[in-house]
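Hi,

Here is the structure I promised to pass on. My notes follow below it; have a look at the model first and then read on.

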Amino acid sequence: MSKLSRFLIGVIIVGLAFIASLHLYRAYEKYAEDSEEAAGPTMTFNNVPIQRVPPVIEEPVFRRWPAESGTESETAQPQEIYLQDATLDAQTEQKQALQTMQSILADYKQDPQLQAFYQDLQQITGRPIDLFTLRGEELGALMTAYPEVPQLISKYSKDPEFAKTLQAIFSNPQFIRSIEILQRNGVEQRKSTSSR
């Protein structure tokens, strides 16, 4: 073969290699483009792609407590255990209920309708009185000693803002619970004093 034909065969081989590499590169571009579309839209911040990796959530592993030897079989149903506060004695429970009531009423001390009610009560009775002192038997004694008090209470109960404030106080679950404790302890104390 002549040098010219070898040169032309070399050019043809280089051209075919170039065309083959061009086709392979285009196939790679198409593959990369398809894989990006399959991955979903890319999140960007300031036109910079952000790659968010979802957190791995650890699944809890549940294990049975080993059965105590000799007391329980392996197939026995597990016992339910409830955690709760220790029961208080009556005196501590009553003291805690009084403190809870005082705390709740202190939250409403700056209410203008309650302040006006307290001022009118003080004008009638001559001593400072609030809702805490009006609890239980004190209210009955105050109403019998001062006949103007029931009229004052009915006057203020017609005010919708005053009624809304009292509703908020008396619908508080802690306040209700405190009243129940105080009434229960009051009944128990009366029974114990009457039985003596």
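The buried residues of helix α5 (residues 148-157) are V149, L152 and Y156. Buried here means under 20% relative accessible area, exposed means over 50%, and partly exposed is anything in between, with a 1.4 Å probe and protein chains only. Helices are DSSP runs of H or I with at least four residues, strands are E runs of at least two, and both are numbered from the N terminus. As background, an α-helix has 3.6 residues a turn, so residues three or four places apart point the same way.

Before you go further: this is a predicted model, where local features need pLDDT of at least 70 and side-chain atom pairs count only at pLDDT 80 or more, while totals for chains, interfaces and linings use all residues. Residues are numbered from 1 along each chain as its sequence is written, and side-chain values use heavy atoms, with hydrogens and water left out.

Next, α3 (residues 112-125). The buried set in α3 is L114, F117, Y118, D120, L121 and T125. Down the axis of α3 these buried residues fall within an arc of 165 degrees, so they line one face of the helix. P112, Q119 and Q123 are exposed on the other side of α3. The length checks out too: at 1.5 Å a residue, the 14 residues of α3 should span 20 Å, and the end C-alpha atoms are 20 Å apart, which agrees. The expected span is 1.5 Å times one less than the number of residues. After α3 comes G126, with a positive phi near 85 degrees.

T125 is worth a click. At 10% relative accessibility, T125 counts as buried. A polar atom of the T125 side chain lies 2.8 Å from the backbone oxygen of L121, and a polar atom of that side chain lies 3.2 Å from the backbone oxygen of R127. Leaving aside neighbours within four places in sequence, T125 is in contact (heavy atoms within 4.5 Å) with L142 and Y146.

Now the rings. A search of the whole structure finds five aromatic pairs. Rings of Phe, Tyr and Trp (its six-membered ring) pair if their centres lie within 6.5 Å; planes under 30 degrees apart count as stacked, over 60 as edge-to-face and the rest as tilted. F117 and Y156 make an edge-to-face pair, 5.2 Å centre to centre with 75 degrees between the planes. This pair links distant parts of the chain, with F117 in α3 and Y156 in α5, 39 residues apart. Both F117 and Y156 are buried. F170 and F175 form a tilted pair, at 5.4 Å centre to centre and 55 degrees between the planes. Here F170 counts as partly exposed at 41% relative accessibility, whereas F175 is buried, with a relative accessible area of 3%. Ring pairs also link F117, Y118, Y156 and F162 into a cluster.

Finally, M101 sits in helix α2 (residues 90-107). M101 counts as buried at 3% relative accessibility. M101 and I169 are 68 residues apart in sequence and 9.6 Å apart in space, C-alpha to C-alpha.

Cheers

Technical notes: A polar contact is a pair of N or O atoms within 3.5 Å; within protein, one must be able to donate a hydrogen and the other to accept it, and residues adjacent in sequence count only if both atoms are side-chain atoms. The arc is that of the directions from the helix axis to the C-beta atoms.
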